[in-house]
Amino acid sequence: MGRVAYVNGRFVRHADAAVHIEDRGFQFADGVYEVWAVFDGRLADSAGHFARLRRSLGELRIAVPMSDAALKIVLAETLRRNRIRDGLVYLQVNRGVASRDHAFPDPPVPPSVVITAKSVDLAAGEARAARGVGVVSLAENRWGRCDIKTVGLLPNVLAKQAAREAGAAEAWFVDDLGLVTEGASSNAWIVDAEGVLRTRDVQANILRGVTRNSILGLVAELGLRLDERPFTLDEVRSAREAFITGAGSLVLPVVRIDGVGIGDGQPGPVAKRLRGLYISEAQRSAA
Ligand code: PLP
């Protein structure tokens with residue numbers, strides 16, 4: 001059997017999977033999503049992603065489509081049917097299908113739910129992390145509620161494409177004050193010139209990364225010096241090292257920004273150590 005997707009209560013062939021043309025996710029990006037890393041068929045940072053899903057749905061007043069327990073069963077079944085050992089599972093919940101009208105459907109309609117899964121080559125990820133990646137900087141142009149994980153990702157799409165065209169793996173958004181907010185699909189970190197780990201605080205307009213949060217736990221356990229304070233591009237250029245975190249990238253060393261090397265131009269010791277620790281802890285606690 002080939003790839004299978006879950007769409008509104010059914011498992012269907014991936015090639016045939018579809019939502020209605022008046023699904024509000026399609027017409028208005030009126031939906032939210034989550035992505036879990038999968039290790040050995042189990043979800044990494046499971047609880048954190050479920051909690052953020054609830055929060056995103058609540059902020060947009062989209063109905064919760066099913067209990068966490070039921071959702072967990074459907075996610076697990078999607079992984080099983082796709083024979084995923086290590087990979088990613090994607091969940092999208094849209095407000096539902098209704099005749100096109102900007103305001104919410106009244107009476108409400110059932111939310112639509114789509115789940116897909118894919119395998120990831122862990123060895124290729126390790127090789128990439130051992131080389132490190134480049135990032136490009138771009139002016140922040142997203143809306144003011146990036147804390148909600150919505151499917152309104154056009155600025156992120158354009159940023160990622162700009163990164164790709166520059167031979168980089170990620171784009172870092174920079175706000176009006178010249179401070180880095182986060183990546184197009186990851187949170188941004190540096191070890192600054194003084195050896196202090198820096199990442200932007202979550203009061204700001206950024207996604208509250210689940211991986212970021214787990215890394216903060218590791219940082220506390222290791223007793224590393226940490227300051228949740230934004231940094232400028234100058235500080236990135238003079239940093240000892242840099243990295244990104246996310247369910248897709250895990251912990252990925254950044255060795256260049258806008259074509260200029262960071263530190264000695266190689267993945268740094270803090271990023272490498274946190275990657276190793278994060279992956280073993282995520283594998284151990286996957287549920
Ligand atoms: N920031 C943005 C804009 C993202 O899209 C993502 C993940 O997709 C992250 C940060 C990292 O979040 P998480 O660690 O929960 O995957």
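Ala, Val, Leu, Ile, Met, Phe, Trp, Tyr, Cys and Pro count as nonpolar, Asp, Glu, Lys and Arg as charged, and the others, Gly among them, as polar. The model is predicted: local features need pLDDT of at least 70, side-chain atom pairs count only at pLDDT 80 or more, and totals for chains, interfaces and linings use all residues. Residues are numbered from 1 along each chain as its sequence is written, and side-chain values use heavy atoms, with hydrogens and water left out.

**Exercise 1. The ligand shell**

Task: Determine how the residues of the shell around the ligand divide into nonpolar, polar and charged, and state which residues come nearest to the ligand.

Solution. 
Step 1. A residue is near a molecule or strand if one of its heavy atoms lies within 4 Å of it. There are 18 residues around the ligand, and R52, E182, V210, T211 and A247 come nearest.
Step 2. By class, the shell holds five nonpolar, nine polar and four charged residues.
Step 3. Next come the polar atoms. The side chain of E182 has an N or O atom 2.6 Å from a nitrogen atom of the ligand. A polar backbone atom of S186 is 3.5 Å from a ligand nitrogen, and a polar backbone atom of V210 is 2.8 Å from a ligand oxygen.
Step 4. On its own the ligand has 390 Å² of accessible area, of which the protein covers 93%. Accessible areas come from the Shrake-Rupley method with a 1.4 Å probe; for residues, only the protein chains shown count as cover.
Step 5. Two or more residues of the shell come from each of α2 (46-60), β9 (180-183), α6 (210-222) and β13 (241-246). Such helices (H or I, at least four residues) and strands (E, at least two) are DSSP runs, numbered from the N terminus.

**Exercise 2. The contacts of E170**

Task: Decide whether E170 is buried or exposed, and find which side chains make polar contacts with its side chain.

Solution. 
Step 1. Locate the residue: E170 belongs to strand β8 (residues 170-174).
Step 2. Apply the cut-offs: buried means under 20% relative accessible area, exposed over 50%, partly exposed in between (1.4 Å probe, protein chains only). E170 has a relative accessible area of 1%, and is therefore buried.
Step 3. A polar contact is a pair of N or O atoms within 3.5 Å; within protein, one must be able to donate a hydrogen and the other to accept it, and residues adjacent in sequence count only if both atoms are side-chain atoms. The side chain of E170 has such a contact with the side chain of K160 at 3.0 Å, and another with the side chain of S186 at 2.6 Å.

**Exercise 3. Salt bridges**

Task: State how many salt bridges a search of the whole structure finds, and describe the pair formed by E126 and R275.

Solution. 
Step 1. A salt bridge is a side-chain nitrogen of Lys or Arg within 4 Å of a carboxyl oxygen of Asp or Glu. The search finds 22 of them.
Step 2. In the pair of E126 and R275, the closest N and O atoms are 2.9 Å apart. This pair links distant parts of the chain, since E126 lies in helix α4 and R275 in helix α8 (residues 269-285), 149 residues apart.
Step 3. E126 is partly exposed at 40% relative accessible area, whereas R275 is buried at 6%.
Step 4. Finally, R55, E59, R145 and D147 are linked in a network of salt bridges.

**Exercise 4. Backbone angles**

Task: Identify what kind of peptide bond runs from D106 to P107, and give the phi of N8 and of L250.

Solution. 
Step 1. Most residues other than glycine have a negative phi, and most peptide bonds are trans.
Step 2. The bond from D106 to P107 is cis, with omega near 5 degrees. P107 is in the loop between β5 (87-94) and β6.
Step 3. N8, which is not a glycine, has a positive phi near 45 degrees; N8 sits in the loop between β1 (4-7) and β2 (10-13).
Step 4. L250 also is not a glycine and has a positive phi, of about 60 degrees. L250 is in strand β14 and is buried, with a relative accessible area of 8%.
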